Amino acid sequence: MTGFPGFPQDAIDFFRGLARHNRREWFQPRKPVFEAQVKQPMHELVESVNAALRRFAPDYATDPARAVYRIYRDTRFSKDKTPYKTHIAASFRHRELGGEGGGAGYYFAVSHKEVAVGGGVYMPAPATLLAIRGHIAENHHELRKILSAKSVRTLLGGVQGEQLTRVPKGFCTGHPAADLLRYKQIFLYVKLSPELAITPQLLKEIVSRFQAMTPFLEFLNAPLPRRRAKVDARELLI
């Protein structure tokens with residue numbers, strides 16, 4: 001797979017420096033470096049990922065302006081008041097399921113410490129989580145088959161997420177899917193070597209894992225109500 005040469009070494013060096021000097025006085029003079037060596041390549045990588053998604057999961061292709069997370073941290077309710085994230089990340093959600101909390105999506109992040117790739121539901125809205133649990137309860141054999149696929153096990157490992165200590169209210173404690181129903185968040189997630197970020201192999205490693213987890217995302221999103229999506233005129237030309 002071609003289309004993205006990897007991040008420049010300056011991007012990794014930028015995050016390494018930011019981790020040591022996470023304050024506005026350090027960041028502001030280096031903001032042009034962030035824009036040119038981190039943010040712009042990230043947008044190019046997202047475009048390359050979108051090109052791949054249009055082949056096997058077109059409803060998840062997302063404009064870079066919406067996919068890429070801001071570098072600025074929300075510190076209002078956090079004890080950690082450092083103003084900047086020490087990674088850059090992007091998510092790709094189903095166009096008919098809304099934004100955060102609206103369903104399962106793909107995710108990747110790049111930093112000086114690691115390349116992370118994942119997908120699933122991380123902070124689902126209560127109604128979303130209830131619908132997913134109901135779907136799991138009725139179709140747990142299908143989910144277990146998806147999770148046991150060789151490509152999933154090899155590229156992504158096992159399912160992860162914070163769990164309740166007991167089966168949630170409304171479900172039988174002896175349900176055969178009790179272990180899956182206890183998840184408050186459910187996702188696949190793997191960390192790769194940071195050296196990968198500066199190589200052309202990065203795109204392939206992200207896309208291969210996105211493709212492997214697609215049946216998992218589609219399963220989680222199956223019970224969720226769709227909304228009518230706005231058509232991007234640019235996508236009509238593809």
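Guide: Before we start, contact here means heavy atoms within 4.5 Å. This is a predicted model, in which local features need pLDDT of at least 70 and side-chain atom pairs count only at pLDDT 80 or more, while totals for chains, interfaces and linings use all residues. Residues are numbered from 1 along each chain as its sequence is written, and side-chain values use heavy atoms, with hydrogens and water left out.

Visitor: OK, what does F92 touch, leaving aside its neighbours within four places in sequence?
Guide: With those neighbours set aside, F92 is in contact with V46, V49, N50, L53, Y60, T62, A67, G105, Y106, F108 and F210.

Visitor: Which residues touch the most other members of the largest nonpolar core?
Guide: They are L45, F92, F108 and F210, in a core of 67 residues. A nonpolar core is a set of buried Ala, Val, Leu, Ile, Met, Phe, Trp, Tyr and Cys residues joined through side-chain atoms within 4.5 Å, and buried means under 20% relative accessible area, with exposed over 50% and partly exposed in between (1.4 Å probe, protein chains only).

Visitor: And which helix gives the most to this core?
Guide: Helix α8, residues 201–221, gives the most, with 11 residues. Helices (H or I, at least four residues) and strands (E, at least two) are DSSP runs, numbered from the N terminus.

Visitor: How does E205 sit in that helix, and what does its side chain join?
Guide: E205 is found in helix α8, and a polar contact of 2.9 Å joins its side chain to that of Q201. A polar contact is a pair of N or O atoms within 3.5 Å; within protein, one must be able to donate a hydrogen and the other to accept it, and residues adjacent in sequence count only if both atoms are side-chain atoms. Leaving aside neighbours within four places in sequence, E205 is in contact with L192 and L196. From C-alpha to C-alpha, E205 and V115 are 9.8 Å apart in space, although 90 residues separate them in sequence.

Visitor: What does β3 pair with, and in which sense?
Guide: Strand β2, residues 105–111, pairs with β3 in the antiparallel sense over 6 bridges, where two strands pair if DSSP finds at least two bridges between them. These two strands form a hairpin with 3 residues between them, and G105 has G120 as its bridge partner in β3. Strand β4, residues 186–192, also runs antiparallel to β3 and is joined to it by 7 bridges, with Y189 as the bridge partner of G118.

Visitor: Where does β1 come in, and how many of its residues are buried?
Guide: Of the 7 residues of β1, 5 are buried, so the strand is largely enclosed by the rest of the structure. β1 pairs with β2 in the antiparallel sense over 7 bridges, and the bridge partner of H87 in β2 is S111.

Visitor: Why does Q185 count as buried?
Guide: Q185 counts as buried because its relative accessibility is 14%. This residue lies in the loop between α7 (178–181) and β4. The side chain of Q185 reaches the backbone oxygen of Y122 at 2.8 Å and the backbone nitrogen of E162 at 3.1 Å. Not counting residues up to four places away in sequence, Q185 touches V121, Y122, Q160, G161 and E162.

Visitor: What do the buried residues of α1 pack against?
Guide: They pack against α2 (24–27), α3 (31–56), β1 (87–93) and β2, and the buried residues of α1 include A11, I12, F14, F15, G17 and L18.
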